[in-house]
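Below is a short briefing on a predicted model. Points are grouped by topic.

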Amino acid sequence: MSKRNLVKPLSYGALLVVLFLVPAFIAQPYVLHILIMAGLNIILASSLRFIATSGQISLGHGGMVSVGAFTSALLVMRLGLSFWAALPLAGLTTMILAFLVGYPFVRLKGIYFAMVTLFLAEFIRLTAEQWKSLTGGVAGIIAIPRPNPLIIPGLLNADFTSKVDFYYLSLVMVVVTLLILYAIESSRIGMTFFSIQQSEFLAESIGIDSARFRVLAFSIGCFFAGMAGAFYSHYFTAMNPSSFGFLLGINVFIYMVVGGMLRFYGPIIGAFILTVTPELARELKEFEPFVFAGILLLIILFMPEGLISLPHRLRKIIRESFSHA
Amino acid sequence: MLEISGLTKYFGGLAAVNELDFDVRRGEMVGLIGPNGAGKTTVFNLITGFLRPAKGSVVFNGRDVTGQKPHFIAKMGIVRTFQATSIFSNFSVLENIIAACYLQSNLNLGKAILHTPGSRKREEHIVNRALEIIHFVGLDAIKDQPARSLPHGYKRILGIAVSMAPDPQLLLLDEPLSGMSAEEVKRAVTLVRRIWERGTTILLIEHNMRAAMNLCQRIIVLEMGRKIAEGSPEEVRANREVIQAYLGAGKHVT
């Protein structure tokens with residue numbers, strides 16, 4: 001392996017080590033909480049972009065989070081399953097739902113698909129509110145148990161009574177999610193998604209069943225939204241039908257667009273920055289939707305490729321200002 | 001190989017294609033010509049499933065494929081090009097062909113994630129196949145360039161290369177020569193002929209009469225969605241109705 005090929009894996013490794021050591025230096029639960037939320041938002045924004053690589057924008061990701069959260073909470077509380085079984089099952093249930101609604105949905109293009117996903121999120125909320133025997137209605141579910149302790153003697157002792165354990169769980173989930181999404185995106189399947197995004201007609205004419213691949217992208221993306229939802233419910237230990245949904249779906253969309261959709265790391269940057277910075281200005285918290293909408297508009301108007309295009313733009317500005325000197 | 005019978009399509013009460021019958025035999029190169037708005041591209045759309053006919057049937061290799069989805073038609077062995085976009089402009093030239101080798105690729109989610117040795121071997125095979133096609137059409141020198149940056153003539157050549165990748169039995173080319181310079185036309189005509197010589201049957205829409213007459217053994221002339229003439233280039237050229245359709249039905253023409 002040449003020197004250059006080593007730079008990337010090494011810098012990712014270094015970043016992972018830093019993230020791994022964070023709790024050792026910053027033990028404040030508040031900071032860890034922000035990082036946990038950033039991690040979950042990264043999972044959501046990246047999986048939303050994954051869906052978008054096949055040419056469809058979902059505004060209903062929040063609804064999928066809700067499905068995962070309810071599924072996991074109910075599996076643990078009603079059926080007595082371990083959290084560790086409920087977590088992937090919540091993802092799977094969400095994925096199956098996405099698959100079932102996917103086939104009729106993906107026939108709709110562009111803004112129409114975005115609209116029905118938004119309606120779906122509302123439909124999920126309303127159903128959850130009415131289905132009192134299962135979901136507890138508007139009041140929701142409380143006293144959701146924390147994840148079962150993971151104890152491997154001498155190696156691992158996670159009982160999830162502190163934020164540190166949740167931090168590590170979210171870190172593992174983020175890393176695994178990103179690895180899987182990246183592996184698919186850079187495979188021939190990812191290439192097929194991009195072909196459909198660029199020209200559905202051309203893709204069909206060379207034999208690609210575009211509906212099938214769109215449903216596949218949508219289902220996989222929703223799988224990770226469901227997993228994130230399962231994490232949420234056992235982390236917050238309480239939820240109701242409005243905990244996730246419309247607003248979360250819109251926010252995740254904003255993270256993705258602000259970070260930039262063209263690159264894999266765009267939503268990661270967007271989700272991280274837009275989760276962490278609002279905490280620096282907590283007095284403005286109640287105006288958050290306005291501020292986010294404003295940021296979204298500014299980005300769309302002045303930086304359509306998102307924050308990830310910033311270094312390139314700065315370099316260009318510097319180069320130009322020197323060439324005029 | 002391809003049998004079209006009674007094919008009819010209305011656009012808002014107007015028959016864009018009207019009771020059209022024709023055949024394409026294996027190994028032929030057939031031209032579909034006619035004035036603008038004669039319904040040529042509509043015929044392509046009906047054959048390849050982008051439009052559903054109101055009446056009539058499309059039979060390919062003895063199998064009725066009328067109204068099937070486009071990707072199914074491609075799988076059966078009919079691939080078409082488009083007048084405007086026949087390339088994936090965000091991909092490089094090589095990526096365009098690799099993506100277009102979809103039908104040969106047998107994609108599988110598990111293998112795609114895990115990169116099993118089997119899938120890697122198949123991948124290698126696909127890349128080699130793509131390189132062969134690129135070499136065949138003569139785009140080797142620019143294989144890593146983004147498709148969107150290519151000059152118009154190269155884009156059209158790439159579009160044809162993309163349509164070759166699924167290895168069709170029947171290739172439908174929609175105005176492959178439009179917008180090309182004289183030099184580019186010459187190269188493209190040679191390419192189309194070489195594809196045909198490799199054994200691909202071709203049905204071709206073209207406005208460049210000289211090129212169409214030159215390439216095809218048989219020409220079908222459409223006007224207002226109807227077939228008004230069919231035959232060898234010489235027969236078609238001498239046909240009175242064809243001359244009228246192209247020059248207008250002035251009294252002095254007769």
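B:L14 sits in strand β2 of chain B. B:L14 is exposed, because 10 other C-beta atoms lie within 10 Å of its own and a residue with 12 or fewer counts as exposed. B:L14 and B:M224 are 210 residues apart in sequence, yet 9.6 Å apart in space, C-alpha to C-alpha.

**Positive phi values**

- Most residues other than glycine have a negative phi.
- Strand β2 of chain B, residues 14-24, also holds B:E19.
- B:E19 is not a glycine, but its phi is positive, about 45 degrees.
- B:E19 is partly exposed, since 14 other C-beta atoms lie within 10 Å.
- In chain A, A:T237 has a positive phi near 60 degrees and is likewise a residue other than glycine.
- A:T237 belongs to the loop between α10 and α11 of chain A.
- A:T237 has 14 C-beta neighbours inside 10 Å, so A:T237 counts as partly exposed.

**Helix α11 of chain A**

- Helix α11 of chain A covers residues 246-259.
- Its 14 residues should span 20 Å at 1.5 Å a residue, and the end C-alpha atoms are 20 Å apart, so the two values agree.
- Of the 14 residues of α11(A), 12 are buried, so the helix is largely enclosed by the rest of the structure.
- The cut-off for a buried residue is 20 or more other C-beta atoms within 10 Å.
- Among the buried residues of α11(A) are A:L248, A:N251, A:F253, A:Y255 and A:M256.
- The buried residues of α11(A) pack against α2, α3, α5, α12 (266-280) and α13 (288-302) of chain A.

**Helix pair α2 and α10 of chain A**

- The axes of α2 (residues 29-52) and α10 (residues 210-236) of chain A come within 8 Å and cross at roughly 170 degrees.
- That angle makes α2(A) roughly antiparallel to α10(A), because angles over 145 degrees count as such.
- The crossing of α2(A) and α10(A) is left-handed.
- On the α2(A) side, the contact is made by A:L40, A:I43, A:L44, A:S47, A:L48, A:F50 and A:I51.
- On the α10(A) side, the contact residues include A:F218, A:G221, A:F224, A:F231 and A:Y232.
- By class, the residues of this contact are 14 nonpolar, 2 polar and no charged.

**Helix pair α3 and α5 of chain A**

- Helices α3 (residues 61-78) and α5 (residues 111-130) of chain A pack at an angle of about 35 degrees, and their axes are 7 Å apart.
- From α3(A), the contact takes A:G62, A:G63, A:S66, A:V67 and A:F70.
- From α5(A), the contact takes A:L120, A:A121, A:I124, A:R125 and A:A128.
- The contact of α3(A) with α5(A) has 6 nonpolar, 3 polar and 1 charged residues.

**Interface between chains A and B**

- Contacts between the chains involve 26 residues of chain B and 20 residues of chain A.
- On the chain B side, the elements that give two or more residues are α2 (70-76), β6 (78-80), α3 (93-100), α4 (102-105) and α5 (109-114).
- The most comes from α2(B), with 4 residues.
- The side of chain B that touches chain A has 17 nonpolar, 7 polar and 2 charged residues.

Key. Residues numbered from 1 in each chain as written. Chains lettered and ligands numbered in written order. Predicted model: local features only at pLDDT ≥ 70, side-chain atom pairs only at ≥ 80, totals over all residues. Axes fitted to C-alpha atoms, helices over the stretch in contact; angles between N-to-C directions. Parallel < 35°, antiparallel > 145°, perpendicular 65-115°, else oblique. Left-handed = near helix turned anticlockwise from the far one by under 90°. Contact = placed C-beta atoms within 7 Å. Nonpolar A, V, L, I, M, F, W, Y, C, P; charged D, E, K, R; others polar. Expected span 1.5 Å × (residues − 1).
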